[in-house]
Amino acid sequence: MRRLAAVVLTGVALVSGCATEENPSDPLQLAATLEPARPASAPPQEAVPEGRVLPLGRVTAVAAAGGRVAVALADPPAVALYPAEAVGDPVVVPLPGPAERLVTVGDAVEAVVPAGAVVTVRPDGTTSQRAVDGAPVDVARVGDRTLVAQRDLRQVSVDGHVVRGISSPDRLVAVGGAAVVLDRPRSAVFDLDPTADGPGAGLRAGEGATNAVADRFGRVFVVDTRGGELMAFSTGPLIMRLRYPVPGAPYGMAYDERRDLLWVTLTERNEVVAFDVAGAEPVERHRYAAVRQPDSVAVDPGSGRVFVASGDGAGMQVIG
């Protein structure tokens, strides 16, 4: 296995975010045809998953908020709200389409539905919905601003203001008074000032980055699913600080702020692993057998209980 490599860059690639397949001269684009990385197809499940498993259909996302764990179900599209212990019958809230993301906002979660809506689901099961065109795929809060990534329109909306010129805004991560945008097809991250008209500096993020989270120190962690790596970036300016090998097609991510644990699912191995990221380099603390196709993971901030959800109907695993 490769050893950890700490990388400090003195500069970043200043490129336009709107380069496409027709513009392979983009320094962040390695091939003429762009193909976003996806979770690896999991092998047959052999080890018994840690903890207990709730039988569920295909899950597209999971999040913990307000003393509940929210599970986005694909068929029929809905959010199931379980108590934080994940026992008893859930409150089921229908959605206008399958949710790509569940984002924690205070005690509520926001279900981001690419079919054209962002649905706020509160702990008691009440909802409010706003229509969003252009295939919304993620939301984030930066101060009092709400950012919505619209993949088909190649833009991020910020309370009526539009940040254009982003080839594929697939994930948004709030960091202080700004944000970082992950572009999956180009496996790149970009600074984003919510008041600007376009994205800022950009950096490559491995061979096939898929997901990102921020920690309490202001770092943005990114998993490279194709390359089998965990990367860390600082912002203002955008600098890659860390590359760490994580074999097994890392994909789902969740950060436990109270314990400084970064949970990552390994879809090629049907495992979930936790790294202590409080120091200069990750230190593995836990590794468990997971449900088959562990595409999603969430952590209850109070108890530290971990929820790992299967993307092919093998259920949701509860650890702790």
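I began with strands E27 (residues 306-310) and E28 (residues 316-319), which pair in the antiparallel sense over 4 bridges. A strand here is a DSSP run of E with at least two residues, numbered from the N terminus, and two strands pair if DSSP finds at least two bridges between them. I noted that the model is predicted: local features need pLDDT of at least 70, side-chain atom pairs count only at pLDDT 80 or more, and totals for chains, interfaces and linings use all residues. Residues are numbered from 1 along each chain as its sequence is written, and side-chain values use heavy atoms, with hydrogens and water left out.

I looked up the bridge partner of valine 306 and found isoleucine 319 in E28.

I then traced the sheet, an open one of 4 antiparallel strands in the order E1-E28-E27-E26. Its edge strands, each pairing on one side only, are E1 (52-54) and E26 (294-299).

I next searched for cavities of 30 Å³ or more and recorded 1. A cavity is a set of points on a 1 Å grid over the protein atoms alone where a 1.4 Å probe fits but cannot get out, and lining residues have an atom within 4 Å of a point. The volume, about 40 Å³ for the largest cavity, is the space filled by probe spheres set on points joined across faces, edges and corners.

I listed 13 lining residues for the largest cavity, with Ala65, Arg68, Leu81, Asp107 and Val109 nearest its centre. Strands E2 (59-65), E3 (68-73) and E7 (108-113) each give two or more residues to this lining.

Methods: 1 Å grid on protein atoms, 1.4 Å probe; cavity = no way out; pocket = protein on both sides within 12 Å on 5 of 7 lines; lining within 4 Å.
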